[in-house]
Amino acid sequence: CLAFALLAGLPVHVGLYSSFAPLLVYALFGTMRQVQTGPTAVMCLLTGQALDSMGLESQALRVAGASLMALMVGGISVVLGILRFGGIVDFMSHTVMSAFCTASGVTIVTSQLKDLLGLRYPRTHYWWEEVESVATRLGEIQVPTAILGCCLLVVLLVLKYWKAAGSTEARKNHRLWSFFPKDKSSMPFRALKLLADLSSFLAVFVGSLVAWALREAGVDGVRLVGDVHADGFIFVMPGRGYYSELFGSSTLFVSAAVIATIGFLETIAVGGKFAAQYRYDYEPNQDFIALGLSNVASAFMSGFPVTGGFSRTAVNVAFGATSLFSSAISSTLVLGAMYFLLPVISKVPRTCLAPIIIQGAIAVIDIHEFKVAFRSRPSEFVVMLSTLVVSLAMTVKEGLLVGFVLSVLKTLRDISNPNLAMVVRVQDTWRDVRHFPLGEQPANAIVVRMDARLHFANTRKLKEFCIRALQVREASGEIGLST
């Protein structure tokens with residue numbers, strides 16, 4: 001949660017503010033037992049880009065804007081849940097979401113190169129600006145910082161992919177994992193799996209020790225998080241003192257609506273997977289409301305928008321969580337961290353947090369989906385590519401909206417252009433004449449099959465096809481002109 005706050009361009013302690021109350025509230029109102037709410041990479045990216053588009057630069061303004069946005073996200077989510085809009089998940093194309101996640105992952109990875117390599121430059125608004133800033137400052141890379149960050153990233157990725165390597169047999173046959181523990185019942189395997197589960201914490205701990213050793217040796221290039229100015233958990237009115245600056249932006253509501261929708265989709269994707277695995281039912285509309293109330297709770301604690309996180313939920317499952325009581329336990333741990341770990345957090349190197357975000361962002365990049373669409377569904381590939389390009393050229397919010405519109409237009413096009421075929425009798429069934437040209441055709445008639453429901457959008461296509469089919473039969477002399 002600390003690293004995600006930096007991704008949104010907010011102070012690190014705001015990540016803790018966004019993790020305590022939402023966990024407690026979701027435990028009271030949610031229905032997906034293993035879900036852990038809190039900051040996620042995609043939500044923080046959306047929040048950060050929304051704050052950038054509003055022109056909020058000072059730290060106080062961004063914190064106020066983030067809390068007000070969390071309040072609006074919560075309000076929108078509660079209203080949509082009451083109106084039973086939980087079925088919205090059925091209208092969001094899988095390919096659009098895949099392209100959106102890929103664009104988000106690429107944007108997040110690029111944004112973290114700054115801290116990973118020890119570069120310093122102002123926060124940028126667009127992906128291409130970030131690329132330009134990194135490319136023009138390669139000569140300013142802090143070598144100790146870059147070595148530390150890259151080593152931690154490699155370790156995190158190795159542990160992540162080793163953990164997901166599959167069965168014992170698959171590990172034995174793998175060129176790399178065959179050198180690692182393979183027997184899942186062995187003590188070395190269990191110990192390494194525990195390290196993989198706690199890899200983010202270990203990256204911060206080991207990285208902090210290395211940074212301390214470097215400072216003691218006189219190497220000052222590793223940049224720390226710095227002083228954390230926090231008053232603990234206090235209830236405040238979201239956006240208090242900055243209403244004139246915040247409500248003057250026309251993008252606030254649109255951004256909140258997009259974040260509410262994406263947050264719900266992410267939560268359902270995470271919770272639905274484990275609900276199916278543990279064979280219990282959940283109520284999407286109730287979870288929409290619970291997620292909204294969690295965001296409202298985050299807003300009143302100066303937090304930012306939250307949702308159900310996959311990695312956080314996966315760790316929860318790994319520790320045997322089977323009820324929402326685990327969320328309440330997690331909230332107490334966050335409470336303790338807030339009061340006891342903040343002094344230590346100020347000494348954490350920023351380059352230790354960047355690998356944690358990058359390894360999470362890499363997981364949502366799905367190039368395979370683009371390849372499949374290119375080979376089998378060219379129209380879907382165009383929608384995915386458009387979503388990706390617009391997301392990288394502007395922000396992921398605009399990319400998602402463009403992808404959604406194109407997906408709807410494609411769906412309408414498919415509905416108005418259904419598959420139409422003349423059919424012939426083959427034994428006791430009717431088959432497409434294109435596949436069975438020797439089938440029996442009825443005398444003085446044509447039989448047409450339409451693979452869709454008949455409605456106003458496709459009636460003209462059906463009429464034109466029937467006329468053409470009749471003209472073909474008449475031209476061949478199979479049907480008389482007077483028929």
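Modeller: Let's start with V426, whose bridge partner in β4 is T429. Strands here are DSSP E runs of at least two residues, helices are H or I runs of at least four, and both are numbered from the N terminus; two strands pair if DSSP finds at least two bridges between them. Two residues sit between the strands, and Q427 takes a positive phi near 55°.

Before going on, bear in mind that this is a predicted model, so to speak of local features takes pLDDT of at least 70 and of side-chain atom pairs 80 or more, while totals for chains, interfaces and linings use all residues. Residues are numbered from 1 along each chain as its sequence is written, and side-chain values use heavy atoms, with hydrogens and water left out.

Now to the helices. S407 lies in α20 (residues 396–416) and counts as buried because its relative accessible area is 12% (buried is under 20%, exposed over 50%, partly exposed in between, with a 1.4 Å probe and protein chains only). Leaving aside neighbours within four places in sequence, S407 is in contact with S93, V96 and V383, contact meaning heavy atoms within 4.5 Å. E369, in α18 (residues 367–376), is buried too, at 13%. Beyond residues up to four places away in sequence, E369 touches H94, T95, S98, R377 and M384.

A cavity is a set of points on a 1 Å grid, over the protein atoms alone, where a 1.4 Å probe fits but cannot get out, and lining residues have an atom within 4 Å of a point; the volume is the space filled by probe spheres on points joined across faces, edges and corners. The lining is K114, D115, G118, L119, R120, T145, R223, R350 and T351. Elements giving two or more residues to it are α5 (94–117) and α17 (350–362). By class, that lining has one nonpolar, three polar and five charged residues (Ala, Val, Leu, Ile, Met, Phe, Trp, Tyr, Cys and Pro are nonpolar, Asp, Glu, Lys and Arg charged, the others, Gly among them, polar).

Key:
1 Å grid on protein atoms, 1.4 Å probe; cavity = no way out; pocket = protein on both sides within 12 Å on 5 of 7 lines; lining within 4 Å.
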